[in-house]
Amino acid sequence: MHKKITPKKIIVIGGDGFCGWPTALHLSNLGHRVTIVDNLSRRWIDTQLGANSLTPIATVEDRLTAWTEATGKVIHFECIDAAREFDRLAALLASIRPDTVIHFGEQRAAPYSMKTVTEKRYTVDNNISATHNLLAAVTALGLDPHIVHLGTMGVYGYDDAGLEIPEGYLSVYVPGDDKRIVQRDILYPTNPGSVYHLTKSMDQLLFQFYAKNDLLRITDLHQGIVWGTQTDETRLDERLINRFDYDGDYGTVLNRFLMQAVVGHPLTVHGSGGQTRAFIHIQDTVKCIALAVANPPRPEGRVAILNQMTECHTVRDLAMLIAKLSDARVAFVSNPRNEAAENDLRVSNRTFLDLGLNPITLEAGLLEETRDIAAKYAHRCIPEMIPCVSTWTDRQQPGVVDMGDVA
């Protein structure tokens with residue numbers, strides 16, 4: 001049974017997507033009054049790529065009908081492009097006067113953002129305009145919603161920093177006048193590894209300015225790589241099922257490995273596989289966002305930055321784990337990314353743990369559930385979409401493979 005809460009009016013921008021959809025359901029299930037805003041771009045990008053979600057995704061209308069039939073609750077939907085339709089976005093904000101706006105309305109895939117100049121320009125135009133339109137509209141209307149933004153751990157970069165990455169801010173000590181040492185808290189230096197991560201780094205500066213200048217209350221969630229597919233809410237009806245992206249552009253690494261194992265494709269590890277990444281299960285994603293909604297920052301000119309992750313693993317170790325689980329073969333392929341071959345990563349997630357998050361880990365048994373999803377819908381797989389063909393520099397040759405088995 002859920003703890004009794006005070007219902008909030010919540011707008012979820014990008015609420016039809018991989019993280020936005022289960023978040024909208026979870027918040028509605030908690031008793032909040034939810035309105036989804038989405039331009040359905042994730043669906044037409046699939047069409048553009050010739051790709052699909054391994055799981056069948058119902059129309060928005062069917063999804064919302066299924067939710068009402070399963071729970072008796074209503075989620076409203078507005079088809080608005082937050083990056084291009086400022087007046088319509090502002091009118092909706094003025095009409096609803098939301099307590100909270102959750103901003104997922106950005107192109108979320110690093111490989112897609114690096115495909116060609118077209119995708120690079122689209123990612124910047126869409127992501128930055130959507131973020132700034134929201135901030136400008138809220139300010140112009142004199143509203144005071146808590147803005148919760150889904151960012152990425154990727155803004156920090158993946159170099160071996162030799163320290164635990166703090167939650168957004170780094171305390172620095174610099175020589176000042178009269179030989180005094182001056183202490184300042186600065187944004188942790190960004191080191192984006194793709195155009196997508198670059199836009200999330202630029203988001204930080206927009207948030208910093210509007211929090212300082214207009215005292216907007218903003219929480220920026222730096223999320224790790226999401227694994228898993230289902231949440232408690234999406235399991236209620238097959239029409240509510242969440243996306244399972246497996247293609248080289250949008251497939252997150254763990255889901256991609258599980259799908260590859262099911263269809264008999266080698267687990268493709270980029271480079272040496274020594275890249276360490278932060279991970280979080282989709283169920284914990286929606287729980288973290290609900291915790292953020294329930295704990296807004298004060299309007300004191302400072303953005304609350306929280307690291308939304310639960311554990312770190314190397315890609316190589318993940319492949320070994322899935323290989324043992326499924327008797328799959330591991331293949332090392334050329335890395336299309338311009339990144340260090342090996343790195344360490346230590347991340348602070350103290351705030352969410354202090355707020356009561358009890359993380360789901362890879363050892364919790366949910367890998368089998370995700371594997372079962374992959375097996376159930378394996379007939380929908382388009383094999384030619386599995387390899388990642390987006391490269392980070394012109395010097396790299398996509399598809400050049402150096403394969404080797406892992407004992």
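Visitor: What follows helix 6, and what is its phi?
Guide: In this predicted model, helix 6 is followed by G142. The phi of G142 is positive, near 70 degrees.

Visitor: Which residues make up helix 6, and how far does it reach?
Guide: Helix 6 covers residues 117–141, which is 25 residues. From its first C-alpha to its last it reaches 35 Å, close to the 36 Å expected at 1.5 Å a residue.

Visitor: Where is R97 found?
Guide: R97 is in the loop that runs between helix 4 (86–96) and strand 4 (100–103). Its relative accessible area is 48%, so R97 counts as partly exposed.

Visitor: And K179, is that buried or exposed?
Guide: K179 is exposed, because its relative accessibility is 81% and the cut-off for exposed is over 50%. K179 lies in the loop between strand 6 (169–175) and strand 7 (181–187).

Visitor: Changing topic: how many helices and strands does the protein have?
Guide: The protein has 12 helices and 14 strands.

Visitor: What does the C-alpha trace span along its principal axes?
Guide: The C-alpha trace spans about 65 × 60 × 45 Å along those axes. Buried residues make up 55% of the 407 residues. The protein exposes about 17,600 Å², and carbon and sulfur atoms supply 51% of that area.

Visitor: Which contacts join residues at least 24 apart, as a percentage?
Guide: Among contacts between residues at least 6 apart in sequence, 82% join residues at least 24 apart.

Visitor: Where does I5 lie, and what does it touch?
Guide: I5 lies in the segment before strand 1 (9–13). Not counting residues up to four places away in sequence, I5 touches L30, G31 and H32. With a relative accessible area of 28%, I5 is partly exposed.

Visitor: How many residues of helix 9 are buried?
Guide: Helix 9 is mostly covered, with 11 of its 13 residues buried. Among them are T285, C288 and I289. Helix 9 runs over residues 282–294, and its end C-alpha atoms are 19 Å apart, which agrees with the 18 Å that its 13 residues should span at 1.5 Å a residue.

Visitor: What is Q308 in contact with?
Guide: Leaving aside neighbours within four places in sequence, the contacts of Q308 include T285, C288 and I289, which are buried residues of helix 9. Q308 is also in contact with L150, L221, H222, Q223, G224, I280 and F352.

Visitor: Is Q308 buried or exposed, and where is it found?
Guide: Q308 is buried, with a relative accessible area of 0%. Q308 is found in strand 12 (residues 304–308). The C-alpha atoms of Q308 and F279 are separated by 8.7 Å, although these residues are 29 apart along the chain.

Visitor: Last topic: how far apart are the mean positions of the positive and negative charges?
Guide: The mean positions of the 40 positive and 49 negative charges are 3 Å apart.

Conventions:
Residues numbered from 1 in each chain as written. Predicted model: local features only at pLDDT ≥ 70, side-chain atom pairs only at ≥ 80, totals over all residues. Heavy atoms only, no water. Helix = DSSP H or I, 4+ residues; strand = E, 2+ residues; numbered from the N terminus. Buried < 20%, exposed > 50% of the residue type's maximum accessible area, 1.4 Å probe, protein only. Contact = heavy atoms within 4.5 Å. Areas by Shrake-Rupley, 256 points an atom, 1.4 Å probe, with all protein chains shown as cover. Lys, Arg positive; Asp, Glu negative; His and termini not counted. Charge placed at Lys NZ, Arg CZ, Asp CG, Glu CD. Expected span 1.5 Å × (residues − 1).
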